[in-house]
Amino acid sequence: MTKASEARDRLLAAAGEIFYREGIHAVGVDRLVSEGGVTRATFYRHFPSKDDLVRAYIEREDAALRALLEAGATQASTPEEALELVIQGISTDIAQHHTRGCPFINAAAEFPDSKHPVRVAVKAHREWFESTLVDLLTDAGVDDPAATGHALVLLRDAALVGAYLDGPDVVVPSFVSTAHQVIAD
């Protein structure tokens, strides 16, 4: 495992912004080095390849979503309240943080090989997200929590993409309403 450093963090933050805004394959190592304020040697000391940096970016996005859900879970006093906090957290994420679609879907689109480490990281995130939702739905006593959890994952995917295309003001209210309907069915 690569040890943390200020230069690594700076590079990862810059890469995350650029990858999300412009795409992964559209950005070269020279640009990442320049925007991250590091040398090429520092880049390769922390990330043996650009793909390693991309995987770290996906893992960082995953960690941010996990923290968001954990924060909501610790604030909730009931499973139903935890589900509501998840819906509101996703809404906030769509409206404020991920305004150009889903970073996981965007990355997966650029790495078609399902065995590529970036796709493996995306898959791990999606499996964790769905299983977390299923656990919350089970705790809340929702009928068929597996199917409902899967539906909520798909709904989040659609909302992230839809908000990019149509704007969060249009999509977020529909996401919230539909999420409540999916949970209630």
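Tutor: Since this model is predicted, what follows is computed from its atoms. The residues that line the largest cavity divide into 7 nonpolar, no polar and no charged. They are Val 86, Ile 87, Ile 90, Leu 133, Leu 152, Phe 175 and Ala 179, and the elements that give two or more residues to this lining are α5 (79-97) and α9 (168-184). The largest share, 3 residues, comes from α5. The structure holds 1 cavity of 30 Å³ or more, and the volume of the largest cavity is about 40 Å³.

Turning to α9, its 17 residues should span 24 Å at 1.5 Å a residue, and the C-alpha atoms at its ends are 24 Å apart, which agrees. Val 171, Val 172, Phe 175, Val 176, Ala 179, Val 182 and Ile 183 are buried in this helix, and, seen down the axis of α9, the buried residues fall within an arc of 135°, so they line one face of the helix. In general, an α-helix has 3.6 residues a turn, so residues three or four places apart point the same way. Among the buried residues of α9 are Phe 175 and Ala 179, both of which also line the largest cavity. What covers the buried residues of α9 includes α5, α7 (117-139) and α8 (145-166), whereas the face of α9 turned away from its buried side carries the exposed residues Asp 169, Val 170 and Ala 184.

Methods
Residues are numbered from 1 along each chain as its sequence is written. This is a predicted model: local features need pLDDT of at least 70, side-chain atom pairs count only at pLDDT 80 or more; totals for chains, interfaces and linings use all residues. Side-chain values use heavy atoms; hydrogens and water are left out. On a 1 Å grid over the protein atoms alone, a cavity is a set of points where a 1.4 Å probe fits but cannot get out, and a pocket is an open set with protein on both sides within 12 Å along at least five of seven lines; lining residues have an atom within 4 Å of a point. Grid points are joined across faces, edges and corners, and a volume is the space filled by probe spheres set on the points. Helices (H or I, at least four residues) and strands (E, at least two) are DSSP runs, numbered from the N terminus. Ala, Val, Leu, Ile, Met, Phe, Trp, Tyr, Cys and Pro count as nonpolar, Asp, Glu, Lys and Arg as charged, and the others, Gly among them, as polar. The expected span of a helix is 1.5 Å times one less than its number of residues. Buried means under 20% relative accessible area, exposed over 50%, partly exposed in between (1.4 Å probe, protein chains only). The arc is that of the directions from the helix axis to the C-beta atoms. Contact means heavy atoms within 4.5 Å.
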